[in-house]
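Keep the structure open as you read.

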Amino acid sequence: MRIAAVGDVHVGLDMRGELRRSFAAVADHADVLLIAGDLTQHGSREEGKLLAEEIADVGIPVVLVLGNHDYHQDAQDAIRADLERVGATVLEGESVVLDIDGHRLGVAGVKGFGGGFAGACGSEFGELEMKAFIRHTKDKARQLLHCLRALDCDVRIALTHYAPTKDTLLGEKLEIYPFLGSYLLGEAIDEAGGCALALHGHAHHGSQRGITSGGVPVRNVAKPLIKSAYQIFSVRVPAGREDASARAALAEDAQTPTTA
Amino acid sequence: MESKHLIGRLREALATDPRTNVLDITIKVAGGKAFLIGEVTSDERRQAAIEVAAEVLPPDIELIDELWIAKYDEPGRPETLG
């Protein structure tokens, strides 16, 4: 399966036509396009509409999560609706299964949130505001765990805006790590099991490659970091799964009435 | 104003001003100058950042624009996993 991924496209009204140009040939390179949040610069409805226009004709399924910028004007629901209107799938504690050449690609997506990483993270303790901060992260991690576990597919991918490991933050200032991600997201990915890849954005000055404590590859696809329109990942379908999918396809064919 | 406080004020202005809402511009203050360093996607965003920063700076601090415009239209190098 070929997966194109990018995050932090930060569409503004000054960028009309730019993403359309960037994604013009994506269908030649990939089976699906995943966008890891910060779709807009100012979080406005108008930017959401523009993004929807820009991705409407990419020719492959588009799956997105929102990022912190997309919440800035409290227009996240409108942005989501406009994207869905052009056929894109927006995930927030949800998952989708796509049929790609007879194999099932499952994507579980959530914005995620901050909180920090082992040995340097916040706790649900003290002031209401601090407790609310960490509780939000815990909620997002729980949602990610549940929707990853619920996936019935051959290849499973976690899509977030915030980082699930500090590996991919290397290059960012240490002081802001707690605002860039949380170990709770990584823990959810590991606990769910069977993830082939975790993709995130948000950390423009971080690193591209990392791994969760449980061994899941993590890729930071923030556009200012990857310095390209998108990255392409080829993910192999596990051998047993490949057989299972082939058998299921054959069985389906056998049940499908033929017409003369 | 103490330089670290000025950096904080500039950063807050660039993040919250509706003309910019930008969080990833590096700010340095040294030798009576304030430097804006980083990548933006358009000249409009560059000009907006300069405008917002200039409004925050005390008159005795010179603003130095070290922003550059970058656009990425080509796909990155493919990677095979698993």
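Strands (E, at least two residues) and helices (H or I, at least four) are DSSP runs numbered from the N terminus. In a regular strand the side chains alternate between the two faces of the sheet. As 6 of the 6 residues of β9(A) are buried, the strand is largely enclosed by the rest of the structure.

Before going further, some housekeeping: this is a predicted model, in which local features need pLDDT of at least 70, side-chain atom pairs count only at pLDDT 80 or more, and totals for chains, interfaces and linings use all residues. Residues are numbered from 1 along each chain as its sequence is written, while chains are lettered from A and ligands numbered from 1 in the order in which they are written.

Now for the partners of β9(A). Strand β6 (residues 103–110) of chain A pairs with β9(A) in the parallel sense over 6 bridges, where pairing takes at least two DSSP bridges between the strands. In β6(A), A:Ala108 stands opposite A:Ala158 of β9(A). β9(A) is also joined to β10(A) by 4 bridges, again parallel, and there A:Arg156 stands opposite A:Cys195.

A:Cys195 is worth a stop. Leaving aside neighbours within four places in sequence, A:Cys195 is in contact with A:Leu148, A:Arg156, A:Ile157, A:Ala158, A:Ile189 and A:Val216; contact means C-beta atoms, placed from the backbone, within 7 Å. A:Cys195 is also among the residues with the most contacts inside the largest nonpolar core, which has 80 residues. Such a core is a set of buried Ala, Val, Leu, Ile, Met, Phe, Trp, Tyr and Cys residues joined through C-beta atoms within 7 Å.

Which helix gives the most to this core? That is α6 (residues 183–192) of chain A, with 6 residues. α6(A) is mostly covered, with 7 of its 10 residues buried, and what covers them includes α5, β9 and β10 of chain A. Just after α6(A), A:Gly193 takes a positive phi of about 75°. A second, separate core of 12 residues includes B:Ile25, B:Leu36, B:Ala49 and B:Leu67.

So much for the inside; where do the chains meet? The contact takes 29 residues from chain A and 19 residues from chain B. On the chain A side, β13(A) gives the largest share, 5 residues. β13(A) is joined to strand β4 (residues 79–81) of chain B by 3 bridges, running parallel, and A:Phe233 stands opposite B:Glu79.

Finally, step back to chain A as a whole. Its secondary structure comes to 8 helices and 13 strands, and buried residues make up 54% of its 260 residues. The mean pLDDT (the predictor's confidence in each residue, from 0 to 100) is 94 for chain A, and 92% of its residues reach 70 or more. Over residues 255–260 of chain A, though, pLDDT stays under 50, and the model has 0 contacts beyond four places in sequence for them.

Note on methods:
Two residues are in contact if their C-beta atoms, placed from the backbone, lie within 7 Å. A residue is buried if 20 or more other C-beta atoms lie within 10 Å of its own, exposed if 12 or fewer, and partly exposed in between; C-beta atoms are placed from the backbone.
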